[in-house]
Amino acid sequence: QGPSITCPGNITQNGTSGSCGNVADYAPPGFSDDCPNAYVELASAANTASGSVFPGGVTTVVWRVKDAGGNSATCSFTVTVSDVE
């Protein structure tokens, strides 16, 4: 049986003054599994971790949970940064 994972909701925010990007902070995804030693990892491109500067536009963040049995599950959400200047 594979693990389950739940990502945070989509994030929308404005770019910071003088930049079209902004730092996005989010909670790590929740996950569960019936096997021990399951772990969660960031599966999307670099610079999508919480606390990173996200560029203007829409960035998809993907997380994966894996268990000792070789099963995995993924979830995703978007970070949208609007350039308002």
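The structure is a predicted model, in which local features need pLDDT of at least 70 and side-chain atom pairs count only at pLDDT 80 or more, while totals for chains, interfaces and linings use all residues. Residues are numbered from 1 along each chain as its sequence is written, and side-chain values use heavy atoms, with hydrogens and water left out.

The protein chain contains 0 helices and 8 strands (DSSP runs numbered from the N terminus; helices are H or I of at least four residues, strands are E of at least two). From the N terminus, the order of elements is β-β-β-β-β-β-β-β. The radius of gyration is 15 Å, well over the 12 Å given by the globule rule for 85 residues, so the chain is more spread out than a compact globule (C-alpha atoms; the rule is 2.2 Å times the number of residues to the power 0.38). The C-alpha trace spans about 50 × 20 × 15 Å along its principal axes.

Of the 85 residues, 29% are buried (under 20% relative accessible area, 1.4 Å probe, protein chains only).

Beyond its neighbours within four places in sequence, Phe54 is in contact (heavy atoms within 4.5 Å) with residues including Gly21, Tyr26, Asn47, Val61 and Val79.

Key: Buried means under 20% relative accessible area, exposed over 50%, partly exposed in between (1.4 Å probe, protein chains only).
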